[in-house]
Amino acid sequence: MKKILVIEDNIDLAENIVLLLKENGYEVQAAYNGKNGLSSIMEFDPDIVICDIMLPDISGYKLLTEIKKLEEKLMPIFIFLTAKTLREDLRRGMILGADDYITKPFAHEELIGAINTQVKKRAKFFERNEDKKEILEKSKNNMPDFQPTPSGTALSYNDHIFISDKKNPGFYLVSSIIVIKSLKDYTQLFLADNKRFFLRKSMKYWEDKLPNEKFVRIHRQTLINVDYVEKVEPISSNRYRIIVKAFNEELEASQRLSSKIKKLSN
């Protein structure tokens, strides 16, 4: 039995699609935003994803881009649901790797027909490639732990980053990062909700990517988000203690940097 995940923020529409697909012999789950959709992909491991483009948190385009980075996952058939009909919108999805588009409103027969067509195409592909594991290995291409944006592209404070972590995979706001600490070739990210991640990224990488009006390096091994600074107080003539909300360690900075932190956090 093929498994289908429906990612659609219109709950009535999502429930109708789920009911239709179950009546046609599919095992179906629904998610109502991009973040939950990504978690469901990891847990449910669907053969087919039917996804709205205009989701409330993460666009369908962004979701498709991040799914393609997941390790140990063979890319599911991906069908967009969309009210967008402009040629450039359709072309964008196809460039990203979508298998098909269905424009709202649509007939039940149109949806079932699109699914059946793509299932047959995928079956023919595997007939020509006997070992799925070999295909999966070739498709992984040494994917990194984390790749939020193309090289050289800076992140804004309200951007989402995707972190591929076994326990807590998902999209996280840049603004939720409170502290980054360097550990040789790795960095440890501390988030406001008490999650932490080890990533194979250097401190310089984060300095180049993160908005410097919000993230300040207080010494070689620590970068902090000034929005979470609770207190800056002197501990000697030229050293200051920094208390960061939701972070259980006290940090220190020079007088010069503490002045910059005070200015940015006010």
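A patch here is made of residues with over 30% relative accessible area and no salt bridge, with nonpolar side chains joined within 5 Å. In this predicted model, Leu 183, Tyr 186 and Phe 198 make such a nonpolar surface patch, of about 300 Å². Elsewhere, the whole structure holds seven aromatic pairs and eleven salt bridges.

**Nonpolar surface patch**

- Tyr 186 contributes to the patch together with Leu 183 and Phe 198.
- Tyr 186 lies in strand E9, which covers residues 186-191.
- The relative accessible area of Tyr 186 is 36%, so this residue is partly exposed.

**Aromatic pairs**

- A search of the whole structure finds seven aromatic pairs.
- One of them joins Tyr 61 and Phe 80 edge-to-face, at 5.6 Å centre to centre and 80° between the planes.
- This pair links distant parts of the chain: Tyr 61 belongs to helix H3 (residues 60-67), Phe 80 to strand E4 (residues 77-82), and 19 residues separate them.
- Tyr 61 and Phe 80 are both buried.
- Tyr 205 and Trp 206 also pair edge-to-face, because their ring centres are 5.4 Å apart and their planes stand at 85°.
- Tyr 205 has 18% relative accessibility and therefore counts as buried.
- Trp 206 has 0% relative accessibility, so Trp 206 counts as buried too.
- Ring pairs also build a cluster, made of Tyr 61, Phe 78, Phe 80 and Tyr 101.

**Charges over rings**

- Lys 201 places its charged end over the ring of Tyr 205, 4.6 Å from the ring centre.
- Tyr 205 thus has two partners described here: the ring of Trp 206 and the charged end of Lys 201.
- Lys 214 has its charged end over the ring of Tyr 157, 5.1 Å from the centre of that ring.

**Salt bridges**

- Eleven salt bridges occur in the structure.
- Among them is the bridge between Lys 181 and Glu 249, whose closest N and O atoms are 3.1 Å apart.
- That bridge links distant parts of the chain, 68 residues apart: Lys 181 is in strand E8 (residues 177-183), and Glu 249 is in the loop between strand E14 (239-244) and strand E15 (251-254).
- Glu 249 counts as partly exposed because its relative accessibility is 34%.
- Glu 207 and Arg 217 meet through their side chains in another salt bridge, at 2.6 Å from N to O.
- Here too, distant parts of the chain are linked: Glu 207 comes from helix H7 (residues 203-209) and Arg 217 from strand E11 (residues 215-219), ten residues apart.
- Glu 207 has 35% relative accessibility, so Glu 207 counts as partly exposed.
- Arg 217 has a relative accessible area of 27% and is therefore partly exposed.
- Arg 239 forms a salt bridge with Glu 252, with the closest N and O atoms 3.9 Å apart.
- Strand E14 supplies Arg 239 and strand E15 supplies Glu 252; the two residues are 13 residues apart, and the pair links distant parts of the chain.
- Arg 239 is partly exposed, because its relative accessible area is 30%.
- Glu 252 is likewise partly exposed, with a relative accessible area of 39%.

Note on methods. Residues are numbered from 1 along each chain as its sequence is written. This is a predicted model: local features need pLDDT of at least 70, side-chain atom pairs count only at pLDDT 80 or more; totals for chains, interfaces and linings use all residues. Side-chain values use heavy atoms; hydrogens and water are left out. Rings of Phe, Tyr and Trp (its six-membered ring) pair if their centres lie within 6.5 Å; planes under 30 degrees apart count as stacked, over 60 as edge-to-face and the rest as tilted. Helices (H or I, at least four residues) and strands (E, at least two) are DSSP runs, numbered from the N terminus. Buried means under 20% relative accessible area, exposed over 50%, partly exposed in between (1.4 Å probe, protein chains only). A charge sits over a ring if NZ of Lys or CZ of Arg is within 6 Å of the ring centre and within 35 degrees of the ring normal. Patches are made of residues with over 30% relative accessible area and no salt bridge: like charges are joined within 9 Å, nonpolar side chains (Val, Leu, Ile, Met, Phe, Trp, Tyr) within 5 Å. Accessible areas come from the Shrake-Rupley method with a 1.4 Å probe; for residues, only the protein chains shown count as cover. A salt bridge is a side-chain nitrogen of Lys or Arg within 4 Å of a carboxyl oxygen of Asp or Glu.
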